[in-house]
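Colleague: I am new to this structure and would like to understand the terms applied to it. May I put some questions to you?

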Amino acid sequence: MISTYFSYNYISRHLKQSLTRVEQQPDVSREAAYYKANIGKVKTVDDLMNDYRLYHFAMKAYGLEDMAYAKAFMRKVLESDLSDTKSFVNKLVDKRYREFAAAFSFNGSTTPVAQSEDQTDEMIGLYTATKKSQVDALADDTKYYSAQIGNITSADQLLNNDRLRNYVYSAFGIDQSKWPRDTISQVLRSDPSDPNSYVNTTFASQLTGLNSQLAQAKSDVSAANARIADYTAQLSQPGADVTQLKVQILVEKYHLESYTKSISSLNDQIGTIGEFVDLAGAFEFAPDGSLPAGVPAQTAANVALTKQRFDDSKAAIYSAASPLNEAFAIRQFRTAILTIDSIQTFVSTPAVYDFALGAVGLDSKEVSQDTVKSVLESDLNDPKSFVYTLKDDRYVQLARAFNFDAKGNLTTPLVAQDPSEVLQIAKDYVTAMIRQTSPQEQTAVRAQAAKDATSYREAIADIESVSDLLANRKMVDFILVAKGLEPGKVSTEYLKKIFNSDLSNPKSFANTESDPRFAEIAASFNFDSKGNVARLPTMGPQKRDQFRETQANYLRQSLEQQQGDMNPGVRLALYFQRKAGEITSAYDILADKALSEVFRTTFNLPDSMAAMPIDQQAKFVDRFMKIKDLSDPAKVEKLLGRFSAMYDVKNSQSTGQAQSPLLDLFQGSSSGISQSTFLAIAKLRAH
């Protein structure tokens with residue numbers, strides 16, 4: 001008869017080989033292959049539950065085989081929102097149900113959206129920063145102008161300084177795409193008080209004629225409107241020639257449009273001439289472009305006037321950055337973004353379109369909608385895609401801020417880690433930190449761990465590649481601690497090999513390492529084969545890491561059950577080994593009959609201890625065992641070595657039995673149906 005001590009230690013030392021042997025068993029491999037081949041066809045909870053083999057495979061993987069009959073109950077588990085602390089699954093005491101729900105994405109966590117909440121918050125932050133940056137840039141331009149205009153000695157020197165020239169052009173409304181530099185130079189050298197100066201002979205002399213044309217155009221508009229009104233009134237008169245009247249109305253509307261355009265053009269010309277005259281009067285340059293000795297380019301009054309005109313020309317920027325207008329734009333954006341279901345609705349919704357372009361520093365009036373559509377349909381992982389041909393980071397920012405596919409339809413957010421993964425790692429980190437401290441220190445440690453978790457959630461949004469992640473050692477250490485690993489013992493080079501592994505290849509580096517947690521870490525990220533963030537394909541309701549975890553759990557459950565058939569003590573030890581990393585307090589042990597039995601057997605405590613008040617039992621656990629030691633695999637192995645030896649002593653007459661009373665430990669505990677679960681089912685049936 002093989003002892004529990006020998007059996008457990010052999011399996012524990014050769015766990016990977018033991019799991020491989022189980023994996024190769026015909027019935028296990030057959031069910032695993034079926035699950036892999038068919039889980040991708042599942043779209044709904046009903047699809048999963050209606051396929052007996054898929055459903056029972058998944059239920060066994062999470063130790064819930066004995067709950068397979070309670071489909072209404074399990075449906076509520078799968079449909080629960082894990083992020084809602086008040087959801088059905090989060091109210092259940094048994095953690096297995098939450099683990100089961102987390103293995104699938106039936107709760108909408110992968111629903112395609114134009115923007116995730118994080119993306120929306122980031123865009124709003126970017127909008128606020130951009131508006132502030134634009135106002136700050138205007139202040140810098142004015143400061144530069146004030147410092148440099150006194151050093152200007154000629155008109156050419158002013159025009160040769162790009163920054164000063166742009167400032168003056170903006171202040172006086174000059175479109176440099178329409179006016180040659182030589183024209184502006186001659187205007188600057190003009191004296192508005194001299195009727196023979198360039199600005200007067202070339203431009204101001206046109207004002208009389210232009211004003212006359214403007215007056216005539218306005219008169220023509222009034223006459224056209226009167227005729228349209230008259231023809232319209234005649235339509236209702238008896239005997240009216242309706243067809244002819246409608247033709248005349250159309251002719252007059254055509255004329256009206258022409259006259260209106262003429263008014264706009266004449267106003268622009270008259271306004272430009274006025275700007276040129278003002279420009280000439282704002283500077284002291286001589287006809288040859290020089291300045292008289294001791295005379296500055298501008299008087300103090302004209303410098304102040306130029307600054308004021310510059311600010312007036314930027315009124316839209318100042319207005320958009322005002323707290324009131326900014327808050328209004330943000331409020332509109334938050335509401336409107338929820339209605340965006342395609343790129344077409346995006347470009348057709350000003351509250352979103354103008355806001356988004358403004359956030360990245362683009363002017364919606366200067367960028368074509370076709371360009372924006374092509375940008376948003378670009379594949380950010382393809383260096384040859386359209387967005388990169390523009391060679392402008394603002395467009396890349398815009399594309400990254402929204403979730404559209406190549407056809408302009410909604411898709412899932414492009415993130416290094418899905419929100420559910422981030423939430424789980426954050427929770428695991430807090431748990432890991434708490435278990436390493438004494439009860440007296442836990443409040444302070446919990447608060448700091450929560451801050452670290454918040455920092456991680458914020459930082460993960462900026463990760464775009466494996467290189468980005470590994471370059472941030474603080475984030476890496478956070479992940480390692482969450483997984484129960486010691487950061488000091490894990491090098492960046494080792495992690496690089498893990499992330500470079502092909503997780504679909506069982507012979508890859510990550511998959512052949514003895515500790516599966518490293519492969520689990522790699523699988524929790526959305527990195528493609530090149531190490532870039534990508535939208536990885538899912539297998540029905542499961543992402544890559546969820547599928548891997550389900551398959552791995554099924555193997556582990558199969559191993560434990562098979563060993564339990566031969567020796568319940570080995571199953572108890574393997575179960576404790578698997579659960580040790582989740583134990584954060586004495587109460588976690590006491591709430592689980594199997595874990596409690598391991599504890600009592602290890603330290604030779606009587607079974608009658610289970611009848612003691614729970615707080616008194618907890619004191620015994622804390623006296624005999626340090627909870628923080630359970631995060632150390634070596635110490636767990638030492639404890640289970642002692643357990644298996646003590647188990648053999650305690651059960652020397654029953655280790656070879658095919659069925660042991662100890663198997664009852666896996667019923668009604670966190671390995672079976674607890675009383676709280678029965679209560680939840682009863683409530684469900686009552687409704």
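Modeller: Let us begin with serine 87: leaving aside residues up to four places away in sequence, serine 87 touches Ser80 and Asp81, where contact means heavy atoms within 4.5 Å. This is a predicted model, in which local features need pLDDT of at least 70 and side-chain atom pairs count only at pLDDT 80 or more, while totals for chains, interfaces and linings use all residues. Residues are numbered from 1 along each chain as its sequence is written, and side-chain values use heavy atoms, without hydrogens and water.

Colleague: Why is serine 87 called buried?

Modeller: Its relative accessible area is 8%, and buried means under 20%, exposed over 50% and partly exposed in between (1.4 Å probe, protein chains only). Serine 87 is therefore buried, although it is found in the loop between α6 (71-78) and α7 (88-91); the helices are DSSP runs (H or I, at least four residues), numbered from the N terminus.

Colleague: What makes tyrosine 429 buried?

Modeller: Tyrosine 429 has a relative accessible area of 8%, so it is buried. Its place is in helix α24 (residues 419-435). Not counting residues up to four places away in sequence, tyrosine 429 touches Ala449, Asp452, Phe478, Val481 and Ala482.

Colleague: How do you know that the length of helix α14 agrees with what it should span?

Modeller: The expected span is 1.5 Å times one less than the number of residues. For the 28 residues of α14 (residues 207-234) that gives 40 Å, and the end C-alpha atoms are 40 Å apart, so the two agree. The buried residues of α14 are Leu210, Leu214, Ala217, Val221, Ala224, Ile228 and Tyr231, and what covers them includes α15 (242-281).

Colleague: Which residues have the most contacts inside the largest nonpolar core?

Modeller: They are Phe346, Phe402, Tyr456, Phe499, Phe525 and Phe527, in a core of 74 residues. A nonpolar core is a set of buried Ala, Val, Leu, Ile, Met, Phe, Trp, Tyr and Cys residues joined through side-chain atoms within 4.5 Å.

Colleague: What does Phe346 touch?

Modeller: Not counting residues up to four places away in sequence, Phe346 touches Ile340, Val352, Tyr353, Ala356, Val372, Leu376, Phe402 and Phe404. In soluble globular proteins, nonpolar side chains tend to be buried together.

Notes:
Helix = DSSP H or I, 4+ residues; strand = E, 2+ residues; numbered from the N terminus.
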